[in-house]
Amino acid sequence: APSGTAITLAQQIIQILNRKSSWKNETSDNAGVLSIISKREENVPGTHEISYTSDIDSIEIKHTAFSRKGFAQGALEAAHWIKNKKGVFSMSDVLGF
């Protein structure tokens, strides 16, 4: 923990949000640190929430996986894509972004 998805989301947020320079897998009072709160729960395939909160309001984005089918499909697509390739790759390479 945290999941690869949570880490990727955190890294992408840090790239575009200049006031954040790193992430931590716990709450942090440091304004430069993006907090990730991760929980592994039985029978929960995957839920990710991003919250942007200020003194004025809050915006939340949430993704909920209902099964692990999508993760398995992604793994199969990655395995097919990487066949006969050499090097280190990420899902961004597989997905083309």
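This is a predicted model: local features need pLDDT of at least 70, side-chain atom pairs count only at pLDDT 80 or more; totals for chains, interfaces and linings use all residues.

**Entry: Lys-69.** I started with Lys-69, which is exposed at a relative accessible area of 64%. My cut-offs, with a 1.4 Å probe and protein chains only, are buried under 20% relative accessible area, exposed over 50%, and partly exposed in between. Lys-69 lies in helix 2. Helices here are DSSP runs of H or I with at least four residues, strands are runs of E with at least two, and both are numbered from the N terminus.

**Entry: ground rules.** Residues are numbered from 1 along each chain as its sequence is written, and side-chain values use heavy atoms, with hydrogens and water left out.

**Entry: aromatic rings.** I searched the whole structure for aromatic pairs and found one. It is Trp-81 with Phe-89, edge-to-face, at 5.1 Å centre to centre and 85 degrees between the planes. For the record, rings of Phe, Tyr and Trp (its six-membered ring) pair if their centres lie within 6.5 Å; planes under 30 degrees apart are stacked, over 60 edge-to-face, and the rest tilted.

Trp-81 has another contact worth a line. The charged end of Lys-85 sits over the Trp-81 ring, 4.3 Å from its centre. The test I used asks for NZ of Lys or CZ of Arg within 6 Å of the ring centre and within 35 degrees of the ring normal.

**Entry: salt bridges.** How many salt bridges are there? The count comes to one, taking a side-chain nitrogen of Lys or Arg within 4 Å of a carboxyl oxygen of Asp or Glu. The partners are Lys-24 and Glu-26, with 3.5 Å from N to O. Lys-24 is partly exposed at 39%, and Glu-26 is partly exposed at 41%. I placed Lys-24 in strand 1, residues 22-24. From Lys-24 to Gly-96, 72 residues apart along the chain, the C-alpha separation is 28 Å.

**Entry: largest pocket.** I ran the pocket search on a 1 Å grid over the protein atoms alone: a pocket is an open set of points with protein on both sides within 12 Å along at least five of seven lines, a cavity is a set where a 1.4 Å probe fits but cannot get out, and lining residues have an atom within 4 Å of a point. Points are joined across faces, edges and corners, and a volume is the space filled by probe spheres set on them.

The largest pocket comes out at about 1,100 Å³. Helix 1 (4-16), strand 2 (33-35) and strand 3 (46-53) are the elements that give two or more residues to its lining. Strand 3 supplies the largest share, eight residues. The lining holds 36 residues, and Ile-36, Ile-37, Thr-47, His-48 and Glu-49 lie nearest the centre. By type I get 17 nonpolar, 12 polar and seven charged. The classes are Ala, Val, Leu, Ile, Met, Phe, Trp, Tyr, Cys and Pro as nonpolar, Asp, Glu, Lys and Arg as charged, and the others, Gly among them, as polar.

**Entry: second largest pocket.** This one has a volume of about 550 Å³. Two or more lining residues come from each of helix 1, helix 2 (69-82) and helix 3 (91-95). Which element gives the most? Helix 2 does, with five residues. Of the 16 lining residues, Thr-5, Thr-8, Phe-71, Met-91 and Leu-95 lie nearest the centre.

Entry: Most residues other than glycine have a negative phi, and most peptide bonds are trans, so I looked for exceptions. The bond from Ala-1 to Pro-2 is cis, with omega near 5 degrees, and Pro-2 lies in the segment before helix 1. Asn-43 is not a glycine, yet it has a positive phi of about 65 degrees. Asn-43 lies in the loop between strand 2 and strand 3 and is exposed at 73%. Asn-84 has a positive phi of about 70 degrees, lies in the loop between helix 2 and helix 3, and is exposed at 75%.
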